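Biologist: I would like to learn how to read a protein model. Can you take me through one?

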Amino acid sequence: MAPSLCCSRVENVFSSGIFKLKKQQSCVAAANARNGSIALLSSSSPSSRISLSGASFYHSTSRPRSLSVRAASPSSPAAVAEPEGIKINSVPTKPIEGQKTGTSGLRKKVKVFKEENYLANWIQALFNSLPPEDYKNGLLVLGGDGRYFNIEAAQTIIKIAAGNGVGKILVGKDGILSTPAVSAVIRKREANGGFIMSASHNPGGPDYDWGIKFNYSSGQPAPESITDKIYGNTLSISDIKTAEIPDTDLSHVGITKYGSFSVEVVDPVSDYLELMENVFDFQLIKSLVSSPEFRYMHRNQLSFNLESVFHSYGQSNYVHTDEFFLNASLKLWFTFDAMHAVTGAYAKPIFVDKLGASMDSIMNGVPLEDFGHGHPDPNLTYAKELVDIMYAENGPDFGAASDGDGDRNMILGKGFFVTPSDSVAIIAANAQEAIPYFKSGPKGLARSMPTSGALDRVADKLNLPFFEVPTGWKFFGNLMDAGKLSVCGEESFGTGSDHIREKDGIWAVLAWLSIIAHRNKDKKPGEKLTSVADVVKEHWATYGRNFFSRYDYEECESEGANKMVEYLRDVISKSKPGDQYGSYVLKFADDFSYTDPVDGSVASKQGVRFVFSDGSRIIFRLSGTGSAGATVRVYIEQFEPDVSKHDVDAQTALKPLIDLALSVSKLKEFTGREKPTVIT
């Protein structure tokens, strides 16, 4: 049955801007109970259709609007050399302070990016920083995570790209492309590079965050040599080259030509899905995910209401509760939380359509401009809805989540959290036997410096090259391009491999599903399955356990946070091996510095660390991923080889080190913070 719903009951699916249905616009909704899809049909425009089950999620009652690029002085825009059929204007502008690019691009509040020429200046400064051969008459990719302001920003970027002589822009439908997908598309289409519109795991909406970054032709984030040039050019910029072309309709797949310049709108999923099918054994995973034996604990003929069909969209308050019957289950085996972010566009095509998962295994599966008023950061604090489900008495056996732009992940078993540090180590240890892409074995392993040493132990046992790099995915790229690295990860919920040049949330989920499927492929019906917890505990028994935790103090006053780091640098300058810190003996203390083994570039002041004689570590960093204030991160790690102690709670095992870290840093004194915002 397909009950009708009035427009007012479904308009809250959309937040604002292009997502909002006007109240006066009459529409009907049909709910398909078999596949969990929703279709909205506008009576004023019968051809206007919104499918909430696939990759098309957006509806706009008007053409997308771009930011106007305005002259900073009364002088008129000057015409410049033009591509065939396009008029190019040179718009006077002035430098704007605060455009220094961080580890993952430029991130600020939306209201800052909406200031006159703020975004346009940065985009033009980027083109001024690149050799002409890197973009003239070339192909650039454009996509983002679906957050507020992306559609407006996309139009501005397209016009400035045309104004600077780019030949073609390839953009995801509705401006949607996950960060991993942008990297995949750049590599497959042999593009010159690409723009990613995202503030990653930070909140979205008119009062929150927006971001932009540029990836090079290998699909990796631009190196510091380029981001430093961009910043330098923002300090001296005098004009913006922009094309006089109309806003491009991004809601339909196809090619729009403006003289010799063109914009191609593409399906955001297809290239990425093709790559995933080449990396993993989808048939093996499907045998696990879609099999009744694995998919459910038991099946029943069960009566339930329509709200449960819409549960994955988080819209149960806006639908009728007409009851109907389905051949359903009392317990799902697999649950994926897209957090109303970009992976909602990928979850159904991959997990449901290709791998046979149930539609109601997808939570928060509709990308929204404000992420449903949530914080799309897949950790124990911000993905609490998923955590509560996984720790419930009758919770699923496997759960996962991804973040705003789809490059981070969290893996959970029933009542069991897998730390990101353990996750990358376990993927690396099982890659060759469980994932076809690694059938010849990984080339090398790497982790960011704050990430626990669990991966080091795998590299040592497998006799693989190992690298410790600063935080920031760009530091892995050179190693990959040089053929030295296959699997890598960061403790900040980022995991990936050399299939692309970005961390990849869905890749990590598929890697874990591959490991579980491989471990259970020969199990007979009724036989106890190997669970997520079983895999992790077997790994600990083999390699030992690295107890690990991270304390995040978000949006601290920058002055106090910087003073704390300077104080710590003074402490380490006076320290020496053998110094006693409570019951711990110092092995060394430093401010981490990295020399790239491929190009010799040096990254300094990457984190203050105290390393003790038993292998325990305390690390302090200021994060560059926020848009306001400073985020202080404190990392605590201790190795435990004794299997009988592996089930101790991490916070209990690490309490002496945590107390030492807070004492040594005088964190409360410098920041005024009594407790962390997030504990991982």
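Biologist: How many helices and strands are there in the protein?
Modeller: Helices (H or I, at least four residues) and strands (E, at least two) are DSSP runs, numbered from the N terminus. There are 20 helices and 34 strands here. This is a predicted model: local features need pLDDT of at least 70, side-chain atom pairs count only at pLDDT 80 or more, and totals for chains, interfaces and linings use all residues. Residues are numbered from 1 along each chain as its sequence is written, and side-chain values use heavy atoms, with hydrogens and water left out.

Biologist: Is Asp-377 buried or exposed?
Modeller: Buried means under 20% relative accessible area, exposed over 50%, partly exposed in between (1.4 Å probe, protein chains only). Asp-377 has 5%, so this residue is buried. Of the 680 residues of the protein, 61% count as buried.

Biologist: Where is Asp-377, and what does Asp-377 touch?
Modeller: Asp-377 sits in the loop between strand S18 (362-363) and helix H12 (384-390). Contact means heavy atoms within 4.5 Å. Leaving aside residues up to four places away in sequence, Asp-377 touches His-201, Met-339, Tyr-382 and Ala-383. Its C-alpha atom is 7.0 Å from that of Asn-202, 175 residues apart along the chain.

Biologist: How do the axes of H13 and H17 cross?
Modeller: Axes are lines fitted to C-alpha atoms, for helices over the stretch in contact, and angles run from 0 to 180 degrees between N-to-C directions. The axes of H13 (residues 420-434) and H17 (residues 532-543) come within 11 Å and cross at roughly 80°. Residues in this contact include Ala-425 of H13 and Trp-540 of H17.
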